[in-house]
Every structure is written in C-alpha cells, then in structure tokens.
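The sequence and the structure are shown first.

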Amino acid sequence: MTRSKSSHRWLQEHFKDHYVKESQKDGYRSRASYKLLELDKKDRLFRPAMTVVDLGAAPGGWSQVAIAAVGAKGRVVASDILPMDSIADVTFVEGDFTEESVLHEVIAAMDGELADLVISDMAPNMSGVTNIDQPKSMYLVELALDMAQQVLKPGGNFVCKVFQGEGFDEWFKLCRTSFDRVVTRKPDASRPRSREVYVVAKGFKGG
C-alpha cells in the first residue's frame, strides 16, 4: 500500500512539475534538459564546433541541448545501454561503454578528435535502499570519470551527476587531481529533496 501511495504521489508531482510541462512545450525529451541548460548558463560549457560525448544519454534530453549548442560544425556522440530514438546530427552508440567494443565505437564516432566536453547524467535503477543504491551510483560516476580521462583533450571539461553520500568526497578529490577547477552545482530544475548534485570539472590536465 505504501509503495502505491508513494508512486501515486510521484506521478502527481511529476505531471504538476513546471519543468515537465516546459519540456513538453519546448520539445525536449526530458526535464533533465533544463538542468544542463542551467549548468551551461552558469559555467559556459558549450561553444560552437565542439566535440561532446554524452554518457547515459537516453532518452536524449542532454543530447538535444548539446547539439543545439555546438551547431552544424560540432559533433555529439551519445551512448547508453538503453536504446534511444535518433536525434538529427547526433551519433548514438548503444551498449555498455566499459566494454572494449563499445568504447571503440564511441572513439571511432569521434573521427580522430578528442572531446572538448564529456557530460554524464547516468544513474542506476534506484531501489530506495541507500546502502544498495549509493555504491551503484558511485560505480557509475567512477566509470564516467575514467571515460572522461580517456577521451578529453587537455583543457577539456567534464560534467557529471553524482548522488551525495558514501564515496562522494573521495571521488570529488580524485576529480581535483585531474582538473584545474572542480565545483558542485544544484540546478533549480533538480528536485530539492533529491540527493543529486552536478559536479562541473574544468581544465583537464591530461595524461
């Protein structure tokens, strides 16, 4: 009974949500698009003609923002273990990027370019049990950071969704060893009761 009540409450919140309504009106695939738009406004993440890698891309809300920002001379390579409906000018690689074959596909889609920006909105399927969910989410952000270190050009930037909790501080320190400047952001479009924050890491040191 509790589960159905909470599910009902989530659905009510979701459909009353300002950002859900805006995304339907603006043609974005998810409310998450507004989180990235806010981050870009604050941290100036995008420039025309950039190469961007979007991890955990489905359903495509972040890729929509990215391709609009980098323009016709830019490149967006998106990847997810889930399928994603195509987006004009976005190259999508379906599969687990930790597998060698999928990683090679992502790199091949970059046409010999290193990335200017890696963005990750990945999250595990949440069970509601923190002791289970937190290690899963930290594993994903560790993978995202590792991927960023492999494909970013020196001076490149990295944006990643992280859930605050056990393992966060150590991972944050690890980011600081690889980037010149690392900050946490909580966009207005992120639900206040969610433990999610976004880490913006700028100035990849390379190597």
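## Basis and overall organisation

Helices (H or I, at least four residues) and strands (E, at least two) are DSSP runs, and they are numbered from the N terminus. The structure is a predicted model. In these terms the secondary structure of the protein amounts to seven helices and seven strands, and the order of the elements, read from the N terminus, is α-α-α-β-α-β-β-α-β-α-β-α-β-β.

The protein has 207 residues, of which 49% count as buried. Among the contacts in the protein with a separation of 6 or more, 62% are accounted for by residues 24 or more positions apart.

Seven salt bridges are found when the whole structure is searched. One of them joins the side chains of Asp43 and Arg185, with an N to O distance of 2.8 Å. This pair links distant parts of the chain, since Asp43 belongs to helix 3 (residues 32-43) and Arg185 to strand 6 (residues 179-185), and the two are 142 residues apart. Asp43 has a relative accessible area of 5% and is therefore buried; Arg185, with a relative accessible area of 17%, is buried as well, because the cut-off for a buried residue is under 20%.

Another salt bridge pairs Arg75 with Asp111, where the closest N and O atoms are 3.1 Å apart. Here too distant parts of the chain are linked, Arg75 lying in strand 2 (residues 75-80) and Asp111 in the loop between helix 5 (100-109) and strand 4 (115-120), 36 residues apart. Arg75 is partly exposed, with a relative accessible area of 22%, whereas Asp111 counts as exposed at 54% relative accessibility.

Because Lys161 lies in strand 5 (residues 152-163) and Asp121 in the loop between strand 4 and helix 6 (130-151), the pair ties together parts that are 40 residues apart in sequence. Lys161 is buried, its relative accessible area being 8%, and Asp121 counts as buried at 15% relative accessibility. Through salt bridges that share partners, Lys35, Asp121, Lys161 and Glu196 are joined into one network.

Ser190 is situated in the loop between strand 6 and strand 7 (196-204), and with a relative accessible area of 3% it is buried. The side chain of Ser190 also makes a polar contact, at 3.1 Å, with the side chain of Lys186.

## Packing of helix 3 against helix 4

Helix 3 packs with helix 4 (residues 61-70) at an angle of about 40°, and their axes are 7 Å apart. At that angle helix 3 is oblique to helix 4. The crossing in which helix 3 passes helix 4 is right-handed.

The residues that meet are Ala32, Ser33, Leu36 and Leu37 on the side of helix 3, and Gly61, Trp62, Gln64 and Val65 on the side of helix 4.

## Backbone details

Most residues other than glycine have a negative phi, and most peptide bonds are trans. Against that background, the peptide bond joining Ala58 and Pro59 is cis, with omega at about 10°. Pro59 lies in the loop between strand 1 (51-55) and helix 4.

Arg44, although it is not a glycine, has a positive phi of about 50°. Arg44 lies in the loop between helix 3 and strand 1, and at 70% relative accessibility Arg44 counts as exposed. Asp89 likewise has a positive phi, near 70°, in a residue other than glycine; Asp89 is placed in the loop between strand 2 and strand 3 (90-94), and at 65% relative accessibility Asp89 counts as exposed.

Notes:
Residues are numbered from 1 along each chain as its sequence is written. This is a predicted model: local features need pLDDT of at least 70, side-chain atom pairs count only at pLDDT 80 or more; totals for chains, interfaces and linings use all residues. Side-chain values use heavy atoms; hydrogens and water are left out. A salt bridge is a side-chain nitrogen of Lys or Arg within 4 Å of a carboxyl oxygen of Asp or Glu. Buried means under 20% relative accessible area, exposed over 50%, partly exposed in between (1.4 Å probe, protein chains only). A polar contact is a pair of N or O atoms within 3.5 Å; within protein, one must be able to donate a hydrogen and the other to accept it, and residues adjacent in sequence count only if both atoms are side-chain atoms. Axes are lines fitted to C-alpha atoms, for helices over the stretch in contact, and angles run from 0 to 180 degrees between N-to-C directions. Angles under 35 degrees count as roughly parallel, over 145 as roughly antiparallel, 65 to 115 as roughly perpendicular and the rest as oblique. A crossing is left-handed if the near helix is turned anticlockwise from the far one by less than a right angle, and right-handed if clockwise. Contact means heavy atoms within 4.5 Å.
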